Protein chains: 2
Amino acid sequence: MNTSKSVDRGKVVGQGSLGEFEQMVLLAVLHLEDDAYGAAIQREIDERAGRRRTISAIYVTLVRLQDKGLVESRLADPTPVRGGKAKRFFTVTPVGVVALEDSRQAMDRMWEGLESSTRRAD
Amino acid sequence: MNTSKSVDRGKVVGQGSLGEFEQMVLLAVLHLEDDAYGAAIQREIDERAGRRRTISAIYVTLVRLQDKGLVESRLADPTPVRGGKAKRFFTVTPVGVVALEDSRQAMDRMWEGLESSTRRAD
DNA sequence: ACGTATTATTGACAATGTAATAAATAAAGG
DNA sequence: CCTTTATTTATTACATTGTCAATAATACGT
């Protein structure tokens with residue numbers, strides 16, 4: 001039965017738990033400012049974090065992020081270079097920025113005091 | 001009805017991408033040193049990151065982390081206080097520490113340059 | 001012995017991670 | 001022209017992680 005309609009959990013903004021990859025995509029978009037589209041985001045994540053992901057991984061995540069209102073997108077001006085569908089550019093919404101900062105802060109607190117003591121003598 | 005050949009998808013260490021919660025659990029265990037058992041880990045995450053999770057969420061993650069060799073565990077000395085099963089204490093393995101540092105480093109690079117500019121004027 | 005408090009374990013399902021594959025679109029080349 | 005090829009977005013499918021509810025174990029108090 002699912003007659004409920006309140007239960008806003010799992011709907012709007014997953015209550016503050018962004019996945020690691022979602023965070024990376026969000027951060028890449030922020031870095032790219034006005035040039036955040038699929039391929040560029042992929043490259044950014046590869047260069048910065050050293051994580052090579054397929055382009056589809058990027059897009060799927062982007063779609064989900066948009067569904068949750070953490071990013072917005074618009075189609076590019078009709079000036080394609082060589083072919084391909086019109087580029088879709090993304091921007092992080094204020095809500096997205098907050099979610100990002102929240103995740104960062106939570107992790108910072110978890111790391112607090114361990115910064116340089118993550119060594120074990122075995 | 002089950003043509004699958006016993007499914008041996010038991011990978012060694014999932015390519016090195018820890019989930020955010022897995023990281024928190026790992027970090028909590030590190031903080032707790034010699035007192036890292038279920039309830040304590042739960043409390044640690046709640047107090048530090050402000051994330052209140054059910055005890056089962058903790059355990060399930062712990063089990064998976066152990067399957068991947070990122071933590072080890074042993075049962076406590078038979079000196080329970082009030083009742084309950086013997087406590088199971090966890091420690092992070094060297095591999096776990098490395099995975100943790102890797103994740104941290106990747107995120108740090110993604111944040112690099114945005115630390116205090118996550119504000120948008122729109 | 002029985003109920004209760006304390007801890008661990010299992011089962012089920014939602015959310016996120018990731019890749020293979022498809023679709024769209026326009027320049028290039030014969 | 002029309003077929004090929006390059007560029008980019010979108011969809012489908014399945015694996016891994018996140019999360020909680022329910023259950024099992026175990027020892028203390030009465």
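This is a predicted model: local features need pLDDT of at least 70, side-chain atom pairs count only at pLDDT 80 or more; totals for chains, interfaces and linings use all residues.
**View 1. Extent of the interface between chain B and chain A.** On the chain B side 36 residues are in contact, and they meet 35 residues of chain A. The two chains bury about 3400 Å² between them, with 57% of this area on carbon and sulfur atoms. B:Arg104, B:Met110 and B:Trp111 account for 21% of the area that chain B buries against chain A, more than any other three residues.

**View 2. Salt bridges and polar contacts across the interface.** Four salt bridges are counted between chain B and chain A. In one salt bridge, the side chain of B:Arg104 meets that of A:Asp108 at 3.3 Å, N to O.

**View 3. Elements of chain B that touch chain A.** Helix H1 (20-32), helix H2 (38-49), strand S2 (88-92) and helix H4 (94-111) of chain B each supply at least two residues to this side. H4(B) gives the most, with 13 residues. By class, the side of chain B that touches chain A has 16 nonpolar, 12 charged and eight polar residues.

**View 4. Relation between the two copies.** In chain B, the C-alpha nearest the axis belongs to B:Glu20, at 2.9 Å from it. Both copies use the same surface, as 94% of the contact residues of chain B recur in chain A.

Key
Residues are numbered from 1 along each chain as its sequence is written. Chains are lettered from A and ligands numbered from 1 in the order in which they are written. Side-chain values use heavy atoms; hydrogens and water are left out. Contact means heavy atoms within 4.5 Å. Buried area is the accessible area (1.4 Å probe) that two parts lose on being put together, summed over both. A polar contact is a pair of N or O atoms within 3.5 Å; within protein, one must be able to donate a hydrogen and the other to accept it, and residues adjacent in sequence count only if both atoms are side-chain atoms. Helices (H or I, at least four residues) and strands (E, at least two) are DSSP runs, numbered from the N terminus. Ala, Val, Leu, Ile, Met, Phe, Trp, Tyr, Cys and Pro count as nonpolar, Asp, Glu, Lys and Arg as charged, and the others, Gly among them, as polar. Copies are superposed by least squares on the C-alpha atoms of residues with pLDDT of at least 70 in both.
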